[in-house]
Amino acid sequence: MPEGDTVWRLAQRLHEALAGHPLTRCDLRVPRLATVDLVGRSVLEVASRGKHLLTRFEGGLTLHSHLRMDGAWKIYRPDERWRGGPAHQIRAVLGTAGHTAVGYRLPVLDLLRTDDEPRVVGHLGPDLLGSDWDPEEALRRLLADPARPLGEALLDQRNLAGIGNVFKSELCFLLRASPWLPLGELPEPARAPALAKKLLEANKQRPARTTTPWGYRPRPFEGRGGARPDRRLWVYGRAGRPCLRCGTTVCAADQDPTAEERVTYWCPACQPGQPAPGDRPPTY
C-alpha cells in the first residue's frame, strides 16, 4: 500500500533512472494527454510530496501522478520485458536511452506548468519526509479540530502529508490511543507528529515496512512447517490474531463508515477509550 515512505523511495528510484537524460519515448495514455509529446526534453528531477509524485522536465513542465491504492511505476532496462500488468493498464511510458519508466493503473495523471504545482499539492500539510517538515505547523493543523477522531485526522493530508492506513493504525497503537479518540483528549498531542516523522524516516529506505523491534532481527523459525510468524507490524493486518504486546485479540473496523478502504486495526486493551462507531461493529 503506497504511503509516504513508499512514494519517497519510488521517487528516488525514478530520479536515479531518468534524471539528467532526454526522453527518447513519451506515451501518455489518458485522453486529455494523448497528443502530448515530451521527446527530447530532459528530466530535471523526480520528487515526492506526501503521496504525490512530481516528474519535472526542462521547459518548465511537471508530470503529476498519484498511485492511490493500485497504481505503480516500474523501471526497466531496454532488454527487459515489462511485467507490471497487461498493456491496457499502462497509463504512461517515459523512456530514455538507458531506462524506461512505465506507469500502471495510475488514477491521477496530469501535465502542468512547474510553477503551477501548488494547484495540485499546495493544499497538503507539512511533508513528513520533505524539506518543509514543520512539527509545530503539523500539530497546529491537527489540533484545529479537537473533536475530530485521531485516526481520521492522521489520514487527512491537509494536516501532515504521507500517512496512509498502515501508519495510521500503527501510530495510534504506539500512542496507546483509540483511533476514535477525539484529538483534544489525546495526552501529549505533540508526540503524534514527532512519532509519525520517526516512523516514516525509519522506513523510507526499507523494502519491507516495519514498526516493531523485531522487524529485522533474526529469530528462530516457529510454527507448523517451520513458518516464520510476521511480527513487522504491531496491529495492521492482524485482525483476529493476538496483540504482540498484550495478547488481546486485535480488532478491525472502518475508520469512517462513509469512507471506503480505510480499515483501522487496533488492540482494545492497549488502546482503551473511545470505541469503534456503533453502526459498524469490529470484526475479528
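Good morning. The model is predicted, so local features need pLDDT of at least 70 and side-chain atom pairs count only at pLDDT 80 or more, while totals for chains, interfaces and linings use all residues. Residues are numbered from 1 along each chain as its sequence is written, and side-chain values use heavy atoms, with hydrogens and water left out.

Let me start with the sheets. Helices (H or I, at least four residues) and strands (E, at least two) are DSSP runs, numbered from the N terminus. Two strands pair if DSSP finds at least two bridges between them. In general, strands of a sheet pair through backbone hydrogen bonds, either parallel or antiparallel.

Strand 2 is joined to strand 3 (residues 52-57) by six bridges, and Ser48 stands opposite Leu53 of strand 3.

Another open sheet, also antiparallel, has four strands in the order 1-6-7-5. Here strand 1 (25-28) and strand 5 (72-76) are the edges.

Now to helix 6. Which length should its 13 residues span? The expected span of a helix is 1.5 Å times one less than its number of residues. For helix 6 (residues 191-203) this gives 18 Å, and its end C-alpha atoms are 18 Å apart, which agrees.

Several residues of helix 6 are buried, among them Ala192, Leu195, Leu199 and Asn203. Buried means under 20% relative accessible area, with exposed over 50% and partly exposed in between (1.4 Å probe, protein chains only). The cover over these buried residues includes helix 1 (4-18), helix 3 (135-142) and helix 5 (165-174); contact means heavy atoms within 4.5 Å.

Finally, the cores. A nonpolar core is a set of buried Ala, Val, Leu, Ile, Met, Phe, Trp, Tyr and Cys residues joined through side-chain atoms within 4.5 Å. The largest one has 34 residues, and Leu150, Leu160, Ile163 and Phe173 have the most contacts inside it. Helix 3, helix 4 (150-155), helix 5 and helix 6 each give two or more residues to this core. A second, separate core has 26 residues, including Leu23, Leu61, Ile75 and Leu109. In soluble globular proteins, nonpolar side chains tend to be buried together.
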